[in-house]
Amino acid sequence: MLRTMLTAGLCFSTSIFLAAAVTADDISARARKLHFSSIVVDTHDDTTQRLLDGNFDLTARNADGSIDIPRMRDGNLSAIFFSIWIPSKVTGPEAVKRALEQIDAVREQVSKHPKDLVLTATAAEVREARKQGKLAALMGVEGGHMINSDLAILRSYAALGVRYMTLTHSGNDEWADSSTDKPVHNGLTDFGKEV
Ligand SMILES: [Zn+2]
């Protein structure tokens, strides 16, 4: 106990010393150096729905929204997971259709802007994209309600480039409880465990 307290005390006094010795400008310069020499990955970007709007141009600098190519480059973003998302109340074949529309929209952007974007599936491909000066595009499905309780749909998403899927969004789905909904399945159903 004494040793723990001594260690805690030492850490506390060390952090005070560091706080006094390092100015905000130093931290900013160091953080900047670290950030701009790193592979920076945004694992969840909700811009995908804007891609379905024919008026949104990913290559133009926008005053609103989360991302566009000029600001991704300014911020030294190396890779981005475009989020495939629809409200959790939408389920069944309609949910699959709408998820596929978003996956297609991401793939279309990659086809349209080959100098800026490349669809990637692995860490090695992300590194290669960075070497070539391109932004690595990836996809994540935000909620298991988009597979219509069918593993073949999940495999198809993966084949189209989706690299992760969260179990749920804010509501329960057919096979998993969400932390922000009332429990119905007591966690995962048997199919949920299979997923
Ligand atoms: Zn999201």
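# Briefing on a predicted α/β model

Strand β1 (residues 40-45) and strand β2 run parallel and are joined by four bridges. The model is a predicted one, and the protein in it has eight helices and five strands, which follow one another from the N terminus in the order α-α-β-α-α-β-α-β-α-β-α-β-α. Of the 195 residues in the protein, 25% are buried, and among contacts between residues at least 6 apart in sequence, 59% join residues at least 24 apart.

**Strand pairing**

- Within the pairing of β1 with β2, V41 stands opposite A79, a residue of β2.
- Strand β2 also pairs with β4, to which six bridges join it in a parallel arrangement, and one of the residue pairs is F82 with its bridge partner M139 in β4.
- Six of the eight residues of β2 are buried, so that strand is mostly covered.

**The largest nonpolar core**

- The largest nonpolar core contains 28 residues, and those with the most contacts inside it are I80, I84, A99, L135, A137, M139 and M146.
- At least two residues of this core are supplied by each of α4 (69-74), β2 (77-84), α5 (92-112), α6 (123-131), β4 (135-141) and β5 (162-165), with the largest share, six residues, coming from β4.
- M139, named above among the residues with the most contacts inside the core, touches F81, F82, I84, I103, V106, G161, V162 and R163 when residues up to four places away in sequence are not counted.

**Helix α5**

- Helix α5 has 21 residues and reaches 31 Å from its first C-alpha to its last, which is close to the 30 Å expected at 1.5 Å a residue.
- The buried residues in α5 are A95, V96, A99, Q102, I103, V106 and Q109, and because they fall within an arc of 150 degrees when seen down the helix axis, they line one face of α5.
- As background to this spacing, an α-helix has 3.6 residues a turn, so residues three or four places apart point the same way.
- On the other side of α5, the residues P93, E94, E108, S111 and K112 are exposed.
- The partners against which the buried residues of α5 pack are α3 (48-51), β2, β3 (117-119), β4, α7 (151-159) and β5.

**The loop between α3 and α4**

- R61 lies in the loop between α3 and α4, and this residue counts as exposed because it has 10 C-beta neighbours inside 10 Å, where the cut-off for an exposed residue is 12 or fewer.
- With neighbours within four places in sequence left aside, R61 is in contact with D68, P70 and R71.
- The C-alpha atoms of R61 and M72 are separated by 9.7 Å, although the two residues are eleven places apart along the chain.

**The loop between β4 and α7**

- N148 is found in the loop between β4 and α7, and its phi is near 50 degrees, a positive value in a residue other than glycine.
- S149 has its place in the loop between β4 and α7, and, although it is not a glycine, S149 has a positive phi of about 50 degrees.
- N148 is partly exposed, with 18 other C-beta atoms within 10 Å, and S149, with 17 C-beta neighbours inside 10 Å, also counts as partly exposed, because a residue is buried if 20 or more such atoms lie within that distance and exposed if 12 or fewer do.

Terms used: Residues are numbered from 1 along each chain as its sequence is written. This is a predicted model: local features need pLDDT of at least 70, side-chain atom pairs count only at pLDDT 80 or more; totals for chains, interfaces and linings use all residues. Two residues are in contact if their C-beta atoms, placed from the backbone, lie within 7 Å. A nonpolar core is a set of buried Ala, Val, Leu, Ile, Met, Phe, Trp, Tyr and Cys residues joined through C-beta atoms within 7 Å. The expected span of a helix is 1.5 Å times one less than its number of residues. The arc is that of the directions from the helix axis to the C-beta atoms. Two strands pair if DSSP finds at least two bridges between them.
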